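The following report describes a single protein chain.

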Amino acid sequence: ALVTPIYFHQVSAQAKMFIDRFYCFFNPAKPKMSNTAKRGKKAALVCTFWGGPADVYAEYAEGTAKAFSVLGADETKALALGGLPNRGDVKGRPEYLKAVSDLAVWLSE
């Protein structure tokens, strides 16, 4: 699972750099060297944002999570959690804590 804030309608620069570093694992010309040969994985992305259009951020998070399918993830899920401007604000959002907990259970199954 990858957790990142959304800045200017995209994952943070640090998260993007982390995702881009996986490119070396994707090489369909060398099946034994490619992570795509190792199927059956799950990938999850959790994005937080302060304000803005929640549906747009949710769609962006889902699309970004689906990009992990080229690395061998057969199943992907994404959460876009809005209204979290400060560290610790999620503690006041029990529905978000439940969604993250459910996602963790899904990843561990």
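## The loop between S1 and S2

At 42% relative accessibility, His-9 counts as partly exposed, a class lying between buried (under 20% relative accessible area) and exposed (over 50%), with a 1.4 Å probe and protein chains only. His-9 belongs to the loop that joins S1 and S2, and its phi is near 65 degrees, a positive value in a residue other than glycine. Phe-8 is found in this loop between S1 and S2 as well. Phe-8 is exposed, at 81% relative accessibility, and its phi, near 50 degrees, is likewise positive in a residue other than glycine. Most residues other than glycine have a negative phi.

## Basis and confidence

This is a predicted model, in which local features need pLDDT of at least 70 and side-chain atom pairs count only at pLDDT 80 or more, while totals for chains, interfaces and linings use all residues. Residues are numbered from 1 along each chain as its sequence is written, and side-chain values use heavy atoms, with hydrogens and water left out.

The predictor's confidence in each residue is given by pLDDT, on a scale from 0 to 100. The chain has a mean pLDDT of 86, and 86% of its residues reach 70 or more. Helices (H or I, at least four residues) and strands (E, at least two) are DSSP runs, numbered from the N terminus.

Four strands form an open sheet in the order S2-S1-S3-S4, with mixed pairing; two strands pair if DSSP finds at least two bridges between them. Strand S2 (10–11) and S4 are the edge strands, each pairing on one side only. S1 and S2 run antiparallel and are joined by 2 bridges. In S2, Gln-10 is the bridge partner of Tyr-7.

Gln-10 is partly exposed, with 49% relative accessibility. Not counting residues up to four places away in sequence, Gln-10 touches Pro-5 and Tyr-60, where contact means heavy atoms within 4.5 Å. Gln-10 and Tyr-57 are 47 residues apart in sequence, and their C-alpha atoms are 8.3 Å apart in space.

## Nonpolar cores

A nonpolar core is a set of buried Ala, Val, Leu, Ile, Met, Phe, Trp, Tyr and Cys residues joined through side-chain atoms within 4.5 Å. The largest one has 15 residues, of which Leu-2, Ile-6, Leu-45, Cys-47 and Phe-68 touch the most other members. At least two residues of this core come from each of S1, helix H1 (13–20), strand S3 (41–49) and helix H2 (54–66). S3 gives the most, with 4 residues.

Leaving aside its neighbours within four places in sequence, Cys-47 is in contact with Thr-4, Ile-6, Val-11, Ala-61, Leu-79, Ala-80 and Leu-81. Another core lies apart from the largest one and has 8 residues, among them Val-46, Leu-84, Tyr-96 and Trp-106.

## Packing of H3

H3 has 15 residues and reaches 21 Å from its first C-alpha to its last, close to the 21 Å expected at 1.5 Å a residue; the expected span is 1.5 Å times one less than the number of residues. Its buried residues are Tyr-96, Leu-103 and Trp-106. Seen down the axis of H3, these fall within an arc of 85 degrees, so they line one face of the helix. The arc is that of the directions from the helix axis to the C-beta atoms.

S3 and strand S4 (73–82) are included in what covers the buried residues of H3. On the face turned away from the buried side, H3 carries the exposed residues Pro-94, Lys-98 and Ser-108.

Thr-4 is placed in strand S1 and is buried, with a relative accessible area of 2%.

Thr-64 is located in helix H2. Thr-64 is buried, with a relative accessible area of 14%. Its contacts, leaving aside neighbours within four places in sequence, are Val-11, Ile-19 and Leu-45.
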